[in-house]
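Dear colleague,

Please find below the structure I am handing over to you, together with its sequence. My account of what was found follows directly after it.

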Amino acid sequence: MENKGKFYITTPIYYPSSNLHVGHTYCTVMADAMARFRRMQGYDVRFLTGTDEHGQKIQTLAEEKGVTPQAYVDEVVAGIKELWKTMEISYDDFIRTTEERHETRVQQIWNRMYEKGDIYKGKYEGMYCTPCESFWTESQLVDGKCPDCGRPVVKAEEEAYFFKLSNYAQKILDLYEEHPEFLQPETRRNEMKAFINQGLEDLCVSRCTFDWGVPVPNDPKHVMYVWVDALSNYVTALGGPEDTELMGKYWPADYHLVGKEIVRFHSIIWPAMLMSADLPLPKHVLGHGWLLLGGEKVSKSKAAKGLDVVDPVILIERYGIDALKYFLLREYTFGQDGNFNNEVMLKRMNYDLANDLGNLVSRTVSMIEKYCGGVIPAAAIEDDFDKDLKAIAVGAREKVEAEMDKFAFNMALEEIWVVVRRANKYIDEKAPWVLAKDESKKAELDTVMKNLAEAIRVVSVLIYPFMHTTSDEIRKQIGLEGTETVWDDALVFDLMEGVKVCKGNAIFPRIDIDKELEILSGIAEEIAKKKAAASADPVEKAILESKPLELKDEIVYDDFDKMDFRVGTILKAEKHPKADKLLVFQVKMGTEVRQVISGVADSYKPEEMVGKKVVVVANLKPRQLRGMESYGMLLFADGEDGKSIVVTTDAPDGSVVC
Ligand code: MSP
């Protein structure tokens, strides 16, 4: 196969603070699919992932657990490696920032920056977000909290080394200008430009209040800022910064795939560090969107909240690796956020995998067995349906490639499913069961069987980068077990004559969605309970134990905005002359006094209500209640034993409640 050149792709190196969730899996699955895809196309691929093991957060977690930081990360990293093994992630190297090969090389990078005159000693005074390991100035905070994660920050003041990031502001803006492809999607580039234009301050690149980090060369009471340490992994894993064989072959990276929240580090700090260290810049930084759960980012702390299972290990156990991978790649649009929930996931698995793909394969193999003795026959004629199926099948590869060039995994899969759905439709159009009844239609029937086998084979090639196990299983069933899956074979339609099929189990069993959702919510509840029991933080406990309320149908803001609530004072209250349950109030709301009637005589004596500050629905259409007019409604809450409790407020009379 022609060698297309090298292709170096990386994922972020994950924090081994605890087990990974489906959000981390998302990024790694995309990188894996891209790596496998480029390998099939003939690229010399290098795929790097790893773990980012230093920093204050890890040190604190280890202390809480009463183990050394190294022992702490060793355990979590073993779990992460196990997860990638289960998911058959095809990385070529896994770098840990606690490995010696990394530590010595990151010091070499530091020395290069130092010798350039870009690192100097000073004093740090500012705010620090420990979970994000990020420094912020007061003006960057949002409501006094970390602008990235919204959590509280702490004041940090210490002697520290600084990197002259400010010197690189213009160079980075020039980079975006000259190479807009460096940072995508465009929205992220605009955000970064705006960030730089606010003014780039020098970056504090060392800490001395804890010691779980790479020592600063010649000043070991300082450890390097964890992002300088972490970003360097992409180079140190190749043996860099020195000129090693791997560096020569693979650097600069073709793609750094990262979540949108760390684009800033990869597109400002990282290129500045590389410029300072006289190393070439990566060709592309791609920021992907987040998986959201109930509108919030799926995260480690919220991972167990709610009724959805986000633990990839459980999802894989129940539905298989390929179903999860397919869902992640097909459901979301690269660069945008997307909602994750178990129902959407199960529907995708059922409709696309069990119905469309699974049925196509099982129906075809069964028919070839039934009508052709299990051996794929020769094709004899070509009518418009045959020609259309063939054109769509052999034309798909080009479309898949075009979408993959844009990292549009969902659209690449959609192009493959165009073939799958066309083939299913072809079965309906040709109705082989009718052809089989007429001996004179044997040639046509044979053609249908052969064309279906070819279409399925093309699909098996095209899905290989995304779901290689399924591809292998399909190829086994259409009699191609043990043959090499070759990318160019997706361009031809004449390889299947004489092949003996081999019927197997359904490649994706149908899921009973309602039943499965119930099981999953039970599992999610169990996980949340366990986490709540283990948590010392009462707020976290409450969040973990929280259960969704049963509410009326959702309304939009405009519905709410139509309502006019006002604060009023009850001047007078009396019994309704004709109804035992009703009380009649005279309510003053600013300039206006009006009559409002409520059915609360069982809960309040009239005199108890006088003087209370209440909330009135003031623009409600007036209503007759047993012969008296009511001009609005007071708000009450349902109390115990069916009693009502009036909603009161300290706000001034007449004020608008909104
Ligand atoms: N250690 C740093 C990265 C250093 S790279 C030099 C870090 N680690 S992390 O464990 O927090 O992982 C962050 C990455 O995980 C994100 O950038 C993203 O790729 C992935 N995701 C984590 N949660 C995610 C979602 N809810 N949705 C999508 N991706 C998510 O930051």
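**Findings: strands, a buried histidine and salt bridges**

Strand β4, residues 119–129, pairs with β5 in the antiparallel sense, and three bridges join the two. Within this pairing, Tyr 128 stands opposite Phe 135 of β5. Please bear in mind that the model is a predicted one.

The two strands belong to an open sheet of four, whose order is β5-β4-β6-β8 with antiparallel pairing. Its edges are formed by β5 (134–136) and β8 (203–204), each of which pairs on one side only.

I turn next to a single histidine. His 222 lies in strand β11, which covers residues 219–224. Is His 222 buried or exposed? The relative accessibility of His 222 is 0%, and the residue therefore counts as buried, since the limit for that class is under 20%. Leaving aside residues up to four places away in sequence, His 222 touches Lys 121, Glu 159, Ala 160, Tyr 161, Ser 206, Arg 207, Cys 208, Val 214, Pro 215 and Val 216.

The remaining findings concern charged side chains.

- Asp 428 and Arg 363 meet through their side chains in a salt bridge, at 3.7 Å from N to O. This pair links distant parts of the chain, 65 residues apart: Asp 428 sits in helix α15 (residues 409–430) and Arg 363 in helix α13 (residues 342–372). Arg 363 has a relative accessibility of 28% and so counts as partly exposed.

- Glu 414 and Arg 421 form a salt bridge between their side chains, with an N to O distance of 2.5 Å. Glu 414 counts as buried because its relative accessibility is 17%, whereas Arg 421 is partly exposed, with a relative accessible area of 36%.

- Asp 438 forms a salt bridge with Lys 441, and the closest N and O atoms are 3.8 Å apart. Both partners count as partly exposed: Asp 438 has a relative accessibility of 32%, and Lys 441 has one of 34%.

- A network of salt bridges links Arg 46, Asp 93, Glu 99 and Arg 101.

With kind regards

Notes. Residues numbered from 1 in each chain as written. Predicted model: local features only at pLDDT ≥ 70, side-chain atom pairs only at ≥ 80, totals over all residues. Heavy atoms only, no water. Buried < 20%, exposed > 50% of the residue type's maximum accessible area, 1.4 Å probe, protein only. Contact = heavy atoms within 4.5 Å. Pairing = 2+ DSSP bridges. Salt bridge = Lys/Arg side-chain N within 4 Å of Asp/Glu carboxyl O.
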